[in-house]
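I opened this entry to look up two things, how the chains meet and where open space is left. My notes follow in the order I took them.

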There are 2 protein chains.
Amino acid sequence: MVLARASSRSRTVTEVKLADAYYSQEIHGPYETFSLGDFDLEDGGKIRNLTLAYATFGTLSPKKDNAILFPSWYSGTNKILELAYIGEGRALDPSRYFIILVNQIGNGLSSSPHNTPAPFNAAAFPRVQIGDDVRAQHRLVTQKFGIENLELVAGGSMGAQQTYEWAVRFPDAVKRAAPIAGLAKGTAHNRLLVETFIEAIASDPAWDSGWYADRSAVHRGLRRHARLFAASGFSPELFNAAGWRGLGFTTADDFVRGFAENHFLPQDPNNLILLASKWRDADVSRNTGGDLEAALARISAKTFVIAIENDGFFPLQDIAAEQKLIPKSALKTVSSPWGHLALFGVDAAYNERVDAYLKELLAA
Amino acid sequence: MVLARASSRSRTVTEVKLADAYYSQEIHGPYETFSLGDFDLEDGGKIRNLTLAYATFGTLSPKKDNAILFPSWYSGTNKILELAYIGEGRALDPSRYFIILVNQIGNGLSSSPHNTPAPFNAAAFPRVQIGDDVRAQHRLVTQKFGIENLELVAGGSMGAQQTYEWAVRFPDAVKRAAPIAGLAKGTAHNRLLVETFIEAIASDPAWDSGWYADRSAVHRGLRRHARLFAASGFSPELFNAAGWRGLGFTTADDFVRGFAENHFLPQDPNNLILLASKWRDADVSRNTGGDLEAALARISAKTFVIAIENDGFFPLQDIAAEQKLIPKSALKTVSSPWGHLALFGVDAAYNERVDAYLKELLAA
């Protein structure tokens, strides 16, 4: 389903040049916005008039006891979360829950390098941490909706990083947590991998230290970045089985261009680099002076830690090591030839298994 | 031991600029050379006065029945093969065997883009395939030494690709074969990975389509390439356990720079790209019209297919799938946190296990 949509909105070069056509209500909406005014950041900077974009599904109950928060992952928006995870009869069922899909800072819909007015735009956009996102999301949840307790916070990849940060920072507000395919504190290997993603874009001379006039000029860097993402984001088995044939791709090269490059080419290079720097630096132990055990021990939510086996970004054993440090938690695993990028919702078996875990958790 | 040497020859920027100081007898010797005259290539090109550099250890028996051939891997030369695999009491024991370590075309000691005179130098160096290497090596073995039967052909990574090509192309000349951590035919995923290595160098504007005047100017591309190599060449566990501490490195970044960047920075970008293109295109089924089963069925050598578990370049399951197609073969596995790059000889447990396999094979 997600792919059908992706295909129907494939773009010509001319369309890509319409800089903000991509980050639009037409493609990613409907979404709403919440303005937080000036927002001080952990690393000392400030975002002027921070705006969070979000989409909601379902109806908040009078007791406000049916809310689920699902933050976005790297390069994703509320739209792909909706397509991949929400539906009648699914775990995230809008006939039962009030589901808030929130776009993280820098993803192009919420405040981001590309949509911030000069002089704080582009390369001058300040440094942001996952903790900033979660503090801002907490204000959205409490001030906009008056919700004090979330039935569930869940998310994949960088969404898992935000989920962990929520559970550590606001333990009383999170009844259940489901970090999927992500870590509370990045490993040295994961940081190296993310650095290579950043370098793939930043090495393009057209990037110009972030001061490009036309983001489509940075397409070589974006393509390289997409190819690195594909090389470790999908599993080798997917390539062996040509698992993309059902989506209409013909060869491995056709798939990597048609899926991975197609996904990243219309996005803003500075936005991606900002997101990647948050990914690289994510670490809940920033809340506890560097003590990861102490940070994870703070979590009071019932937690299902969900890992994708053979995930090339976040290996199962790293996820399992953190799970052991979380009091009321269980490790749940799911296998997919799509590797980390099964998150995108392209594998029906993955969707079914993760839905079952989330249903079990919500019923607990 | 290898690392101690690497450390003792760490270089200043000035030294790196002495273009051929790296590819020298002083660093990689002693080695000898064998000239083959003009050599026609599979893809239609020609190398003028093809020269193979090689080093030998031990004494060839009067019956010429104690010879072992060990071709070089990507970015390696005879020197690292010697340091990592040869020694009294080891499988490759020079008191017992006559061991030929041969440098593949393009590695900087044998004919290569950087050491070929104009006009066929640098970016004009012709396209080479693994089959070209093996035909040239066959002439070295038969014409220079008069050897008709090799007791063993063994090699790691691209050395495994050459080992497979030997066993398929010259089955009567190969009594035993030990391809280590490599495939007879690259998978689509492996080709994608190697493409990202090539792009990491070729994307550096200083590379200038291969026409750089000074290879040290391409250091940004070489560093990016080294970081990609480290991100999938070593296992995530190595980073978690800081397994490099015993080698004197302090942090993950210090290790990646001091080990991986240090290894690649003095090398020639065009040489590396030529080697990588051979790696990418390696496929023994070129000998059988694309039929991999038919190609592997030609192998008459007793073969130990050795795989490194959690190898990020050549996954165990891909290696195992090929092994099943080789008549007189067995799959042998070895585990190392160093991942694919355990090949370098840095892990004593790996060295011991592989030695045991090679001894068992040589005794058979």
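How much area do chain A and chain B bury between them? I noted about 2100 Å², with 66% of it on carbon and sulfur atoms. The model is a predicted one, and I kept that in mind throughout.

**Entry on the interface.** I looked up which residues of chain A lose the most area to chain B, and found His189(A), Leu192(A) and Arg227(A). Together they account for 26% of what that side buries. By contact, 25 residues of chain A meet 25 residues of chain B.

Two salt bridges are counted between chain A and chain B. One I looked up joins Glu199(A) to Arg227(B), with the closest N and O atoms 3.1 Å apart.

On the side of chain A that touches chain B, H7, H8, H9, H10 (252–264) and H13 each supply at least two residues.

**Entry on the largest pocket.** I recorded about 800 Å³ of space in the largest pocket. Its lining has 33 residues, and nearest its centre lie Asn310(A), Asp311(A), Gly312(A), Asp311(B) and Gly312(B). Helices H7, H8, H9 and H13 of chain A and of chain B each supply at least two lining residues. H7(A) again came up, with the largest share of this lining, four residues. I noted the lining by class as 15 nonpolar, 14 polar and four charged.

Definitions and conventions:
Residues are numbered from 1 along each chain as its sequence is written. Chains are lettered from A and ligands numbered from 1 in the order in which they are written. This is a predicted model: local features need pLDDT of at least 70, side-chain atom pairs count only at pLDDT 80 or more; totals for chains, interfaces and linings use all residues. Side-chain values use heavy atoms; hydrogens and water are left out. On a 1 Å grid over the protein atoms alone, a cavity is a set of points where a 1.4 Å probe fits but cannot get out, and a pocket is an open set with protein on both sides within 12 Å along at least five of seven lines; lining residues have an atom within 4 Å of a point. Grid points are joined across faces, edges and corners, and a volume is the space filled by probe spheres set on the points. Ala, Val, Leu, Ile, Met, Phe, Trp, Tyr, Cys and Pro count as nonpolar, Asp, Glu, Lys and Arg as charged, and the others, Gly among them, as polar. Contact means heavy atoms within 4.5 Å. Buried area is the accessible area (1.4 Å probe) that two parts lose on being put together, summed over both. A salt bridge is a side-chain nitrogen of Lys or Arg within 4 Å of a carboxyl oxygen of Asp or Glu.
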